[in-house]
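Keep the display open while reading.

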Amino acid sequence: MTQKLFGLAILLCVILGTPSSLANENVTQLTSSSTLDFFWSWSPDGTKIVFTSNQFGISDIWVMDCDGSNRVQLTSAGGTFNPIWSPDGTKIAFTSNRSGNWDVWVMDSDGSNQVHLTTSSAKDLFSSWSPDGTTIAFISNRTGNEDIYMIDSDGRNEIQLTTSSAYDGLPTWSPDGTMIVFHSNQTGNMDIWIMDSDGDNKKQLTTDRAWLPEWSPDGKKIAFVSDRSGDLNIWVMNDDGSNKVQLTTDFTFTGIPKWSPDGKRIAVGALSSAWVSHIWIMNSDGSNRKQLTTGKECNLSPRWSPDGKNIAFTSDPDGTIWVITIEEITTPTKPVTPTSTSMENIPAFESVITIFGLFIVIFILRRRR
């Protein structure tokens, strides 16, 4: 899908947006419509949600119980986003420009002991924790282009993992912590790569435009987004790049596919042919797909709770966080037949914009109307 076509999709979201309706009645609104709340994550025990909010006009980090109660502000310096819990739930890493430059920070889960981890004059953006919680992977453009680095959670032992002259981004650790998957355009197209957690043994897994990789909980498969068949749809492959299977065929744009904790299902926020983004879940083979939200609202960025019983997501235009209680998928759909359609000549994918960023653009445009 070309950038012009994608821009049209976003414009239609802005024009057509009305209060959303939900196919699943077990839904709870967690935050109010008076602020923009985004970039959230569940605590490892599933009892709390940390998120970014502009409640006081600047973006800061807040935490609340999983039912939306007991909201507590953790930072007050502004310019903070992307808070992610450490695997043991004791710390939260985030990105902030409070020092005048984008850097990686970490704090205790109650907001205390806020520590400045990276101090380069370049832009450093937090990405992910290692499974054992000792190391943080991040992206930096300190060499003139985006490369992947890692640093101990106490700020020691900073190491550069990639050294290509292109964009390397979205590093995500394998569940056992031995590998890191990422996407890169070092060969001209955006594709998915894998490397050892120390940066050795880099291997290209796709050669036909793919990005937004996500490990399955058992580390044996990687879900990703590709437009090799024309539009941006969900695919799955083995962790060595073999056995690529297309799971969806009728989406026009999708965000990062998110595996359920048991690895049996995948959730995604996706634009359909109606140019409206909704939350979908499906079995890990693409069968039994179910749309959880309906209407003309843009619903984005689903995140499973640790027990797999709930999915949190953002609903536009109010910038609110909602939670759906997931029921068993009882309406089967015809399994998707894998396709080998050759990819059309599409302009180079110059940058990757997260679904959160797209949501912010939509929100700002609507507030200005």
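This is a predicted model: local features need pLDDT of at least 70, side-chain atom pairs count only at pLDDT 80 or more; totals for chains, interfaces and linings use all residues.

1. The chain exposes about 15300 Å², of which carbon and sulfur atoms supply 50%.

2. Which residues have the most contacts inside the largest nonpolar core? That core has 21 residues, and the ones with the most contacts inside it are Trp211, Val225, Val236, Leu247, Ile266 and Val268. Two or more residues come from each of β19 (210-215), β20 (221-226), β21 (233-238), β25 (265-271) and β26 (277-283), and β25 gives the most, with four residues.

3. Trp280 deserves a paragraph of its own. This residue is in strand β26 and is buried, with a relative accessible area of 11%. Leaving aside residues up to four places away in sequence, Trp280 touches Phe251, Ile266, Ala267, Val268, Ala270, Arg289, Lys290 and Gln291. One of these, Arg289, lies over the face of Trp280, at 4.7 Å from the ring centre. Leu292 is 12 residues away from Trp280 in sequence, yet the two are 5.6 Å apart in space when taken from C-alpha to C-alpha. Elsewhere in the chain, the charged end of Arg71 sits over the ring of Trp62, 5.3 Å from its centre.

4. The aromatic pairs come to a count of eight. In the pair of Phe81 and Trp102, the ring centres are 5.3 Å apart and the planes stand at 80°, so this pair is edge-to-face. Phe81 belongs to strand β7 (residues 80-85), whereas Trp102 lies in the loop between β8 (91-96) and β9 (103-108), so the pair ties together parts that are 21 residues apart in sequence. Trp102 is partly exposed, its relative accessible area being 28%. Ring pairs also link Phe38, Phe39, Phe81 and Trp102 into a cluster.

5. Strand β5 (residues 60-65) pairs with β6 over two bridges in the antiparallel sense, and within β6 the bridge partner of Val63 is Val72.

6. Strand β7 is mostly covered, as five of its six residues are buried. β7 and β8 run antiparallel and are joined by four bridges, with Ile84 standing opposite Ala93 in β8. The hairpin of β7 and β8 has five residues between the strands, and there Gly89 takes a positive phi near 80°.

7. β15 and β16 pair in the antiparallel sense over four bridges, and Thr172 stands opposite Val181 in β16. Their hairpin has five residues between the strands, with Gly177 at a positive phi near 80°. β16 also pairs with strand β17 (residues 191-196), in the antiparallel sense over six bridges, and His183 stands opposite Ile192 in β17. In this second hairpin, which has six residues between the strands, Gly188 takes a positive phi near 110°. Five of the six residues of β16 (residues 179-184) are buried, so this strand is largely enclosed by the rest of the structure.

8. My last point concerns backbone angles, where most residues other than glycine have a negative phi. Leu170, found in strand β15 (residues 168-173), has a positive phi of about 50° although it is not a glycine. Ser301, in strand β29 (residues 299-304), is likewise not a glycine and has a positive phi of about 55°. Ser301 counts as buried, at 4% relative accessibility.

Technical notes: Residues are numbered from 1 along each chain as its sequence is written. Side-chain values use heavy atoms; hydrogens and water are left out. Accessible areas come from the Shrake-Rupley method with a 1.4 Å probe; for residues, only the protein chains shown count as cover. A nonpolar core is a set of buried Ala, Val, Leu, Ile, Met, Phe, Trp, Tyr and Cys residues joined through side-chain atoms within 4.5 Å. Buried means under 20% relative accessible area, exposed over 50%, partly exposed in between (1.4 Å probe, protein chains only). Rings of Phe, Tyr and Trp (its six-membered ring) pair if their centres lie within 6.5 Å; planes under 30 degrees apart count as stacked, over 60 as edge-to-face and the rest as tilted. A charge sits over a ring if NZ of Lys or CZ of Arg is within 6 Å of the ring centre and within 35 degrees of the ring normal. Two strands pair if DSSP finds at least two bridges between them. Contact means heavy atoms within 4.5 Å.
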